[in-house]
Amino acid sequence: MSDNETRPLLAANKVEVHHINKPLTLSSKEEQHLHSYTRKCDRRLLLFICTGYALDSLNKMALSNAKIAGLTADLNLHGYDINLALGVYYLGSFIFQLPSNLVLKSVKPAYWLCGSMFAWSLVTLLTAFVANARQLALCRFLFGAVQAGYLTGSLYYISYWYPREMVRQRMGFFFASAGIGGICIGPLCALLTSVEVFGLHAWQNIFLFVGSLSFVWSLVGLRMLEDYPDTATFITDVERKLIVHLMARQNTLASTRSISVRQTGMAMRDVKIWLWTVIDFCANGATQVNGMFGPTLIASQGYSTQTAQLLTALTNFMAFSGMASIAYIAKYAKGSSNAIALSNVVTIVGFLLALLAPSNSAVPQLAALILFSFASPQPAAHGPAWEMANQQGSTKPAMAAAITSAFGGLGPLATAFVYRDKDSPAFVLGHSVCLSMTVTCLLATALLRWMLDAENNRRDKEPCDISHLTTEQVLDLADNHPDFRYKI
C-alpha cells in the first residue's frame, strides 16, 4: 500500500478536522503498536540527534579548553580577543536561526540536520589552523552560523515524530546529551594536551579530534535519519497509520502542509513565545558559564591546566545529571513552570555562594560552580520542552522554536564579555550579571504560568463554536483552538 493510501489526512475530512484536540482513548493493541513505534524511533532517530548534540557540545567547548592548553599564548591573544571569539559564535547562530528553520520546511530534515553537522565539523577542523585572533573569531562566527539549524531543527524534529505527551521526556534526553559531551571534553582534552601528535600544538589536537568525530557521525546520519513518520521505512504500516492519526489529531503532522504565513504571523505576535524567549535568554546566559569559563574558573583557584580540565568532568557531570532528570523533576514538581522555578532558586544560591565566599578559597568556589552547573542548565531544557509541548500547527512550532532559540541564544553573548581575565579569581561582574539573569528568569516564568493558567480557565468557562470554520481555518488556529489546553 502506498504512503498516500496509508495516510489518514485530516485535511481531507471536514468532519474529522473538528476532532482536533478531542480526547482519544487507545485500545491495548494500539498501545502496543505505539510502544513499538516509539522504541524504534528512540533507537534510531533520538539516538542520532542526541549523539549529534553531544558532539556539538564537544565542538563548542573545544575553545574554552584550547584556551588553557596554549591557544592564548600561541596566537598572542590579549584583552577581549578570547571573549570576542566566544561571543561571535552566538552572533552567527542568532543571525541564521530564523532562516534555517524556514529552510527546514523546504529541505528534507535528514539532509538538513546531517548537513549542518557536516558543515560545523569542517569549520572546527579549520579552526585548528588559525594563526591570529581575527581568523579565530571568523571561524567561531562561521561555526555558529552553520550550526544554527541543528538545535531548533532537532527540537522541531522531535515534536513531529512523537505525540505531545512524549515530547518533554525526549527533549530531556536530548538536552542531557550535551552534558555527556561536557563530561567527556575535560578528560579528553587533558589526554590530548599530554601527547604530541604530528608535531602539532595541544590546542590544535583538540580542534582536530572533536571535529573529526562529528564529521564521521554526520555521514552515519544519512543512513539513520528519515524525514517524516508517514514516509518512514523502519516502521510497519499499522504503526504508520496509528502515529499519523495521532499526530494529525494533535495538529502536529508536519509533512502534509507547506509554510503557513498566518501561523508565522501568529508566532511573531504571540506574547507567550516572547516570554519563553526571555526565559531561554536568561537561562542560557547562566548555563554557559560552565561551558565557556568552567576551566578558567577552576584554574583561577590555583589548579594546573590538566587538573582543571579533569575537574570540568565533575562540573559537567553535574550539568548532565540536572539535564537528564528534567522529565522526572517536572513530573514531581507538577509542571515545567514549577521545575524551572525550583532550579532558578538553586542556581541563585550557587551564584550567591560564589559572590560571598572568599575568592581565593578553592573549596567553596568549586562547590558554587558545581551547584550552579547542576541547576542552571535545567531551565534551558525545561523552557523549550515546555514551549514545544504547548505548540500546534504545521508552521508555528518551527517558528516558536526558531524565535526562542535565536533570541534566547543571545544570552551567552552577554556572558562571554562579563567574565574577564582581569577580574580573576573573584569574577564579581560575571557572577552578578548571571545572578540577575536568573532572578529575571524566575519572574518571567511566574508571569507566563499565570497567563497560561488564566487562558485555560477562560476556555473552560467560555466554550467556542468553530463548526462554521473551513478546514484550513481550523488547522491554522494552532494552539488558539478552543479545545487546546496549555500544560503548566
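User: In which helix is Ser337 found, and why is Ser337 called buried or exposed?

Analyst: In this predicted model, Ser337 is found in helix H14, which covers residues 336-356. Its relative accessible area is 2%, and since buried means under 20%, Ser337 is called buried because 2% falls under that cut-off.

User: Which residues is Ser337 in contact with, leaving aside its neighbours within four places in sequence?

Analyst: With those neighbours set aside, Ser337 is in contact with Trp386, Thr445, Arg449 and Ile488. As for Leu447, it is 110 residues apart from Ser337 in sequence, while the C-alpha atoms of the two are 10.0 Å apart in space.

User: Where does Asn76 lie, and what is its phi?

Analyst: Asn76 lies in the loop between H3 and helix H4 (81-104), and its phi is positive, about 55°, although Asn76 is not a glycine.

User: What makes the protein chain as compact as a globular protein of that length?

Analyst: The protein chain has 20 helices and zero strands. Its radius of gyration is 23 Å, close to the 23 Å that the globule rule gives for 488 residues, so the chain is as compact as a globular protein of that length. Along its principal axes, the C-alpha trace spans about 70 × 45 × 40 Å, and 59% of the 488 residues count as buried.

User: How many residues are in the largest nonpolar core, and which have the most contacts inside it?

Analyst: The largest nonpolar core has 104 residues, and those with the most contacts inside it are Ile49, Trp161 and Phe174. Helix H3 (residues 28-74) supplies the largest share of this core, 18 residues. Not counting residues up to four places away in sequence, Phe174 touches several residues, including Ile49, Tyr53, Leu151 and Ile158. A second, separate core of 15 residues includes Leu275, Ala283, Ala380 and Met437.

Technical notes: Residues are numbered from 1 along each chain as its sequence is written. This is a predicted model: local features need pLDDT of at least 70, side-chain atom pairs count only at pLDDT 80 or more; totals for chains, interfaces and linings use all residues. Side-chain values use heavy atoms; hydrogens and water are left out. A nonpolar core is a set of buried Ala, Val, Leu, Ile, Met, Phe, Trp, Tyr and Cys residues joined through side-chain atoms within 4.5 Å. Buried means under 20% relative accessible area, exposed over 50%, partly exposed in between (1.4 Å probe, protein chains only). Helices (H or I, at least four residues) and strands (E, at least two) are DSSP runs, numbered from the N terminus. Contact means heavy atoms within 4.5 Å. The radius of gyration is taken over C-alpha atoms; the globule rule is 2.2 Å times the number of residues to the power 0.38.
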